[in-house]
Amino acid sequence: MPALNKKFPWMSYYNNYNFFEDRMRSHKKVNSIKKISDSFYEIDLVDGKIVNVFICECYSFGVAEYYECVEKLEKFDAIIINSNWCGYTMEVKRYCREHGVGIFDIRGFMAALNLNNFWEYLTIEEKASFQENDWL
Amino acid sequence: MENVNIFGFGSFFNNNTKFNDIDILLLHQSISYESCQFSLRCKKYLLANLINAHITILSLSEEHQLDFFNKSKAKYLGKIYEESAEYDLNVILNTINGVKNLE
């Protein structure tokens, strides 16, 4: 299903993020989740840390979209790209990582939450791409 | 001074009479703050003046990574210069409206 919403905050085609919420509730490192708005969540981790998450279905999330988020959102620690039809560029992955912000699909975020510095998590493919570009 | 190249892709630009969106790619020079901000301004203008526009923004390096041109068969529509942005954007809008009228 393609992304429907063309403008920020690129809301889900189905108008909800139920799958993301279910996955977060089932994660052993997550204590609780709080929905702040349609696209914004506070994830309370078992170690007491709080991760502020912006979630969207932006077709191709790049550095320009990251700046758009910085301009429009108060504070966020992670960006989740919800739909399999959508994705993000390696440049924005690198840029966010350098700024202490994680950008993932849901699967990647699930894995990243097991790390203390969750924003540093790279999938095998991302690691290969980073190495290829001499970014690691 | 910043500039952005504009491309059209998808069913609207491929002479398909059935289309849902007008897919546009804004290709900017770098991932610098200035380059991204200029692209975002262009996007805002196009969205405000074009119904059903679906806009993708990529830097040159991001496009290279995604191989977007080859995959989307994007067609070049024109270039927007910072010093003449509104005029240039209106030229692009006229071009797109010209394609619309041919449908």
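Of the 136 residues of chain A, 36% count as buried, a residue being termed buried if 20 or more other C-beta atoms, placed from the backbone, lie within 10 Å of its own, exposed if 12 or fewer do, and partly exposed in between. The structure is a predicted model, in which local features need pLDDT of at least 70 and side-chain atom pairs count only at pLDDT 80 or more, whereas totals for chains, interfaces and linings use all residues. Residues are numbered from 1 along each chain as its sequence is written, and chains are lettered from A and ligands numbered from 1 in the order in which they are written.

For 136 residues, a compact globule would have a radius of gyration near 14 Å, and the 14 Å of chain A agrees with this; the radius is taken over C-alpha atoms, and the globule rule is 2.2 Å times the number of residues to the power 0.38. Along the principal axes, the C-alpha atoms of chain A fill a box of roughly 40 × 35 × 30 Å. Among contacts in chain A between residues at least 6 apart in sequence, 52% join residues at least 24 apart, where two residues are in contact if their C-beta atoms, placed from the backbone, lie within 7 Å.

Chain A contains five helices and seven strands, assigned as DSSP runs numbered from the N terminus, with helices (H or I) of at least four residues and strands (E) of at least two. Read along the sequence, these elements follow the pattern α-β-β-β-β-α-β-β-α-β-α-α. Five strands of chain A form an open sheet of mixed pairing in the order S1-S2-S3-S5-S7, two strands being paired if DSSP finds at least two bridges between them. Strand S1 (30-37) and strand S7 (102-105) of chain A each have a single partner strand and stand at the edges, so one side of each is left without a neighbour in the sheet. Direction ignored, neighbouring strands of this sheet are turned by 25° against each other on average.

Val30(A) has Leu45(A) as its bridge partner in S2(A), and Ser37(A) is partnered by Phe40(A). S1(A) is hardly covered, the count of buried residues among its eight residues being zero. In helix H3 (residues 90-98) of chain A, by contrast, Met90(A), Glu91(A), Val92(A), Lys93(A), Arg94(A) and Cys96(A) are buried. H3(A) is followed by Gly100(A), whose phi is positive, near 70°.

Between the chains, 16 residues of chain B are in contact with 14 residues of chain A. On the side of chain B that touches chain A, two or more residues each come from H1, strand S3 (53-59) and helix H2 (60-66) of chain B, with H1(B) giving the largest share, six residues. By class, this side of chain B has eight nonpolar, seven polar and one charged residues, with Ala, Val, Leu, Ile, Met, Phe, Trp, Tyr, Cys and Pro counted as nonpolar, Asp, Glu, Lys and Arg as charged, and the others, Gly among them, as polar.

The axes of helix H2 (residues 63-72) of chain A and helix H1 (residues 33-49) of chain B come within 9 Å and cross at roughly 80°, which makes H2(A) roughly perpendicular to H1(B). The contact involves Val63(A), Ala64(A), Tyr67(A) and Glu68(A) of H2(A) together with Tyr33(B), Cys36(B), Gln37(B), Ser39(B) and Leu40(B) of H1(B). Angles of 65 to 115 degrees count as roughly perpendicular, those under 35 as roughly parallel, those over 145 as roughly antiparallel and the rest as oblique; axes are lines fitted to C-alpha atoms, for helices over the stretch in contact, and angles run from 0 to 180 degrees between N-to-C directions.
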